[in-house]
Amino acid sequence: MLARTFTHALVGLESRRVEVEAHLQNGLPAFAIVGLADRACQEAKERVRSGIASAELQWPGHRITVNLAPADLRKEGSGFDLPIALAVLAASRQVPLGALAGHAAVGELALDGRLRPVPGTLVAAEGARRGGARRLVCAAESGPEVLLAGVEPVPVRHLAEAVAYFRGERDPPPVEAPPGDVAVAVPDLADVRGQERARRALEIAAAGAHNLLLAGPPGIGKTMLARRLPGILPRLDDEEALEVTRIHSVAGLLPQGGGLLRTPPFRAPHHTASTAAVIGGGPHPRPGEASLAHRGVLLLDELPEFPRPVLEALRQPLEDGTVAVARVGGRVVFPARFQLVGTMNMCPCGARGDPAAQCTCSPQRLDRYRERLSRALLDRFDLVVALPRPRAGELGGAAGEASAAVRERVVAARARAGDDLARTTDADALLTRAVERLPLSGRGHARVARVARTIAALAAAPHVAPEHVAEALAYRSPTELAVA
Amino acid sequence: MSELALAVFAAARDVHAAPRETRSRQYEQFAASFDDRAYVDELSQRGFRWLARSDPAFPPLLGAIHDPPPGLFLRGAADTRVLAAPSVAVVGARSCADYGAHVARGLARGLAAAGVVVVSGLARGVDGWAHRGALDAGGTTVAVLGCGIDRDYPRAHARLAAEVAAAGLVVSEYPPGVAPAPWRFPARNRIVAGLARATVVVEARERSGALITADLALEEGRDVLAVPGEITSALSRGTNALLRLGATVVTGPEDVLEVLGIAPRPNEDNGGPAPGSPAAAALAALADGAATADEIARNARLDPAATAAALVELELAGVVTSQGGVYRR
Ligand SMILES: Nc1ncnc2c1ncn2[C@@H]1O[C@H](COP(=O)(O)OP(=O)(O)OP(=O)(O)O)[C@@H](O)[C@H]1O
Ligand SMILES: [Mg+2]
Ligand SMILES: [Zn+2]
């Protein structure tokens, strides 16, 4: 006796169709899963057996072989539980064979037969749609995610419910309206008092998707400002939102209730995070922080504290917007086009830039710090802002402009950014003079030119004028990082 | 006696290149097999020159000190005449405060703009800022190394050294390959003091290297000047002590130029920002001392964008310097 169900296995952010074939033969009772199943997948045996018993169904007294095809694809994780259980039940005629047609299934079984959502259900559902399945049987929590993929979900809480559905004893649950967007609370810029220059730089960074480094003494709002960047970025369009939602689904980080992630994501890994956690990877390749920040913001708070391998590994995504993770039998590529924000003190003791404190760092210590920094992707930041400590009283000032107002200007500037503004002759001359007079590298020239273009776009100017170049020059790497 | 042979011999044996070294048997053997011409050729292939003390181009002031080096190894574009031009040594603490950095840079800029060669030791802190200031003004500066002419020490100043070499000279009494060593720095300081008509000390702790340079300058009868600092700062102890001993007070480049008998350039090439311009407003907002960009914006009633642009304009004109987000005129 033979029965088949279909499911979709995750390969990075893609899925591949997997045929689950249950074969019941006479012989001593036994249960084997073949077809390159990993340990979590092998453990399905226990969960499926126990789940079927809990659903008050019969465990067939046969020699049972479950084959997962294609055999060359490694099957990882627990999402195969449900399709395996359904195949076994269909092979033993406890579920009508024909009822499975047009369906795919994904989900993990608890020992008591309850169904649990698995990471990447969105991606599996997209695979199901491409594979021609009309409906996807899944955990109740995964319903909204499946709907996003354009497949009709059959959300079930327990294996018994799935069986009842296939036996026609239970109506398919009504198809809900597509879920609304995920509501993400982003703190507002209105909370930041003073720090006008830093706010301006944040706006330019948002308008031009420039990487931004905030340098200054402790407790002056560097982290606070960085956390408010997603709130002034344009909201994600449909395609971007789906892409981001997919990544978060695969990472198992999609909030309950589903819906698209429309707010640019914000990720802030701690400097003790491993390279794998930041970049992605591990035995079952999962997106790392760099990919979770795709189309959003990656904050490296206290940049110089991050170990060198992590910073080096970030060069690839900063270069081409992807991370490639090696895995058994090939490579998986995750998108990772994020905007990088770094914060740092101006010296190891933190006193530099603070008129009220005296730096106690030895020259050697300062040198090491600077050397570490120059390796720390310093060349990747288009904008560098030195934030000195404001004088007492400044933080008691009026509330700043709210994020929504800033975002409007950012959106307008982005719409103009495609115009590819040219520099006037005077602007060109200023840039050339600046490269001669200020400690600016060749790379610095290109950086200033890019930022000046964004500033002109924010100003809705027809050309990049000298004042735009001049302002851009103010956010270059502070001279003390280059000399003495 | 070959001065070059002595310089190379002394460096190889880690001894001071004093004439008495030439009286040893080892030196005689060394000198017998030393090929001056071949060595100079090799130097020039690596982009270095040798200026022997007996060469008429050797700077007379340095030749007049009681313990002059046998010669100088040179790296850089400038003619050897810059070593004999009116020059001032600007020296001070390696771990200087923002104040010292700003003052050193500003003084050097003013001196270089008046045509004075700024001499220093390429060290961190005041030395580095002095070279930087001279470069800002498009002037000539000379860096004296305490290690082989082929070394960049400290490494963090490799780029600065290249800029100095492009606009002036990097010099050393040590041939290529000599590593920096603590005992070579006082020797280096005697050359800094020896090359310069006057030595200005900007921030120095007690018993610091900059004070050694000042002492050496005094011994050679050169002028020593010092920049007053806060009486509560350890970085001012050395300079304030010099002032108590009679060093000339420096409150600006004019004070140094006066000692040298050089008239300040009457018309600076940048006439300052146009009246009524944002740059003029920003500059006026700096009249009471250092300020952050946000403070300047508030006082000058400019938005942050206009403030940033105005301050860069002033920086490029050499009227304002910035450090850690704090601006000074
Ligand atoms: N400009 C500001 N406006 C309002 N509150 C501020 C501002 N700056 C600092 N604060 C307050 O101080 C706290 C610390 O700020 P934040 O963590 O952003 O400082 P930081 O610059 O990142 O310092 P550190 O270097 O210590 O990380 C904030 O949570 C906020 O309450
Ligand atoms: Mg912080
Ligand atoms: Zn410090």
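Predicted model: local features only at pLDDT ≥ 70, side-chain atom pairs only at ≥ 80, totals over all residues.

Reply:
**The ligand shell and beyond**

The shell around ligand 1 sorts by class into five nonpolar, five polar and four charged residues. In total, 14 residues surround the ligand. The closest are R193(A), G219(A), K222(A), T223(A) and M224(A).

Look at the oxygen atoms of ligand 1 next. Start with a side chain. K222(A) places a polar side-chain atom 2.8 Å from one ligand oxygen. M224(A) has a polar backbone atom 2.9 Å from an oxygen of ligand 1. G221(A) brings a backbone N or O atom to 3.1 Å from a ligand oxygen. How much of the ligand does the protein bury? Ligand 1 taken alone exposes 630 Å², and the protein buries 67% of that.

Now step back to the chain that supplies these residues. Chain A has 484 residues, and buried ones make up 55% of them. It contains 18 helices and 18 strands. Its C-alpha atoms fill a box of roughly 85 × 45 × 45 Å along the principal axes. The chain exposes about 19,500 Å², with carbon and sulfur atoms supplying 50% of that area. Consider the contacts between residues at least 6 apart in sequence. In chain A, 74% of these join residues at least 24 apart.

S403(A) sits in helix α15, which covers residues 403-417 of chain A. It has 4% relative accessibility, and it counts as buried because the limit for that label is under 20%. Set aside its neighbours within four places in sequence. S403(A) is then in contact with P187(A), D188(A), L189(A), G231(A) and I232(A).

Salt bridges come next. Over all chains, the structure holds 34 of them. D238(A) pairs with R262(A), and their closest N and O atoms are 2.6 Å apart. D238(A) belongs to helix α9 (residues 238-250), while R262(A) lies in the loop between α9 and β11 (266-267), so this bridge ties together parts of chain A that are 24 residues apart in sequence. The two partners differ in cover. D238(A) is exposed, at 53% relative accessible area, whereas R262(A) is buried, at 16%.

Helix α9 of chain A also holds E243(A), the partner of R295(A). Their side chains meet in a salt bridge of 3.0 Å, N to O. R295(A) is in the loop between α11 (289-292) and β14 (297-300), 52 residues from E243(A), and the pair links distant parts of the chain. R295(A) has 29% relative accessibility and counts as partly exposed.

Other bridges take different forms. In chain A, R4(A), E19(A) and E21(A) are linked in a network of salt bridges. In chain B, E21(B) forms a salt bridge with R20(B), with 3.3 Å between the closest N and O atoms. E21(B) is buried, with a relative accessible area of 16%.

Finally, check the backbone. Most residues other than glycine have a negative phi, and most peptide bonds are trans. A few places here depart from that.

Two are cis peptide bonds. The bond joining A69(A) and P70(A) is cis, with omega about 5 degrees. P70(A) lies in the loop between β4 (63-69) and α3 (81-91) of chain A. Chain B has a cis bond from Y153(B) to P154(B), where omega is near -5 degrees. P154(B) is in the loop between β5 (141-144) and α7 (158-167) of chain B.

E56(A) is not a glycine, yet its phi is positive, at about 55 degrees. It sits in the loop between α2 (44-54) and β4 of chain A. With a relative accessible area of 74%, E56(A) is exposed. E302(A), also not a glycine, has a positive phi of about 60 degrees. Its place is the loop between β14 and α12 (308-313) of chain A. E302(A) counts as partly exposed, at 31% relative accessibility.

Conventions: Residues numbered from 1 in each chain as written. Chains lettered and ligands numbered in written order. Heavy atoms only, no water. Salt bridge = Lys/Arg side-chain N within 4 Å of Asp/Glu carboxyl O. Helix = DSSP H or I, 4+ residues; strand = E, 2+ residues; numbered from the N terminus. Buried < 20%, exposed > 50% of the residue type's maximum accessible area, 1.4 Å probe, protein only. Near = heavy atom within 4 Å. Polar contact = N/O pair within 3.5 Å; in protein donor to acceptor, adjacent residues only side chain to side chain. Areas by Shrake-Rupley, 256 points an atom, 1.4 Å probe, with all protein chains shown as cover. Nonpolar A, V, L, I, M, F, W, Y, C, P; charged D, E, K, R; others polar. Contact = heavy atoms within 4.5 Å.
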